[in-house]
Amino acid sequence: MIKFIKNRSFYLLLSFGIVTISCNDKNELPDPLEAGWKGNAVCEVLEDNDELRVLKCSFEPGVGHEKHYHNPHFGYTLSGGKFRITDTTGTREVDVPTGNSFSNAERTSHEVLNIGETTAVFLIMEYK
């Protein structure tokens, strides 16, 4: 009986380890809609269909976006501003001009903070 319990414990630990290792940070980080800033939402859904989700994200001065992930997406800056961005490459300050577009074909993650004096607004189009 003791041998069975030891083996059972081993298999339970092994199963837990496999499940834990197979989880990626998608389950650990919120997506852009779920992420906010200090408990407040910064993005709203403009469109959500079978192929695309379109978000409008607004950042007043001093407002950011907690660390979150993006699936492949295209973005457009409706109203630019100055941001402190922290991602896998480090932290940097960036002036994002109105009319700027950006895209990424891979899953990414970052945190941003509007350190400028104007409200910045972005459209984020995520492919499904």
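Is C43 buried or exposed, and what is its relative accessible area? C43 is buried, at 8%. This is a predicted model. The average pLDDT for the protein is 86, and 79% of the residues score at least 70.

**Disulfide**
- The structure has one disulfide.
- C43 and C57 form this bond, with an S to S distance of 2.0 Å.
- The link between C43 and C57 is right-handed, with 105° about the S-S bond.
- It ties together distant parts of the chain: C43 lies in strand β3 (residues 43–48) and C57 in strand β4 (residues 52–59), 14 residues apart.
- C57 counts as buried because its relative accessibility is 3%, under the 20% cut-off.

**Hairpin β7–β8**
- Strands β7 (residues 81–87) and β8 (residues 90–96) run antiparallel and are joined by seven bridges.
- Two residues sit between β7 and β8 in this hairpin.
- I85 faces R92 of β8 across the pairing.

**Around S109**
- S109 belongs to strand β10 (residues 108–114).
- S109 has 17% relative accessibility, so this residue counts as buried.
- Leaving aside residues up to four places away in sequence, S109 touches L29, K67, H68, Y69 and D87.

- Where pLDDT is low, predicted coordinates should not be read in detail.

Note on methods
Residues are numbered from 1 along each chain as its sequence is written. This is a predicted model: local features need pLDDT of at least 70, side-chain atom pairs count only at pLDDT 80 or more; totals for chains, interfaces and linings use all residues. Side-chain values use heavy atoms; hydrogens and water are left out. Helices (H or I, at least four residues) and strands (E, at least two) are DSSP runs, numbered from the N terminus. Buried means under 20% relative accessible area, exposed over 50%, partly exposed in between (1.4 Å probe, protein chains only). Contact means heavy atoms within 4.5 Å. Two strands pair if DSSP finds at least two bridges between them. pLDDT is the predictor's confidence in each residue, from 0 to 100. A disulfide is a pair of cysteine sulfur atoms within 2.5 Å.
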